[in-house]
Amino acid sequence: GEISREIEQEAFKKDYIESIGIGAADQTIENKTQRMATSRNAAIVMAQYEMLSMIKGLKLEGGITVEKAMETDSVIATKIDAEIKGAEIVKTEWTNDDGCVVTLRLPKKRLKAMGLKLID
C-alpha cells in the first residue's frame, strides 16, 4: 500500500497554485469506507496546510509577503482561509492500504480578486 517514491510537483503555475496532501488510514478501523474517508479528510487538511504555507510566502507589491499582510489585516487572513477551504480538489488517489493523496488547485485570480497585488 505504498505511494510512489517520487511525486513531481510544480506548485506555482502560471494561473494557479497547486498543493498535494497525503493522509494515512487508521488501520484499526474495520470498515474500508471509513478508512478511505478518514484518510481523504486527512489528505485534504494536509494539502490546505501546504497551500497556506505557499501563499504566505508570495510577494506583494511594496516588497512584503502575504504572511506580513495577514499579520496586520485580519480581513485578509479570513479571506485567504476561506479561499483555501474552497480550493478545487482536482485529483484523489488511494493507496492499497487505504491511504490517500489529494491534489488541490487555487486559481491566482481568486487571490487577486481579494485585492492582493501579487508580483508574478
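Residues are termed buried when their relative accessible area is under 20%, exposed when it is over 50% and partly exposed in between (1.4 Å probe, protein chains only). The model is predicted, so that local features need pLDDT of at least 70 and side-chain atom pairs count only at pLDDT 80 or more, whereas totals for chains, interfaces and linings use all residues. Residues are numbered from 1 along each chain as its sequence is written, and side-chain values use heavy atoms, with hydrogens and water left out.

A search of the whole structure finds six salt bridges, a salt bridge being a side-chain nitrogen of Lys or Arg within 4 Å of a carboxyl oxygen of Asp or Glu. One of these links Asp98 to Lys32, with the closest N and O atoms 2.7 Å apart; because Asp98 lies in the loop between strand 2 and strand 3 and Lys32 in helix 1, the pair ties together parts that are 66 residues apart in sequence. Asp98 is buried, at 4% relative accessibility, whereas Lys32 is partly exposed, with a relative accessible area of 43%.

In another salt bridge, the closest N and O atoms of Arg110 and Glu83 are 2.5 Å apart. Since Arg110 belongs to helix 4 and Glu83 to helix 3, this pair ties together parts that are 27 residues apart in sequence. Arg110 is partly exposed, its relative accessible area being 27%, while Glu83 counts as buried at 19% relative accessibility. Salt bridges that share partners also join Lys32, Arg35 and Asp98 into one network.

Key. Helix = DSSP H or I, 4+ residues; strand = E, 2+ residues; numbered from the N terminus.
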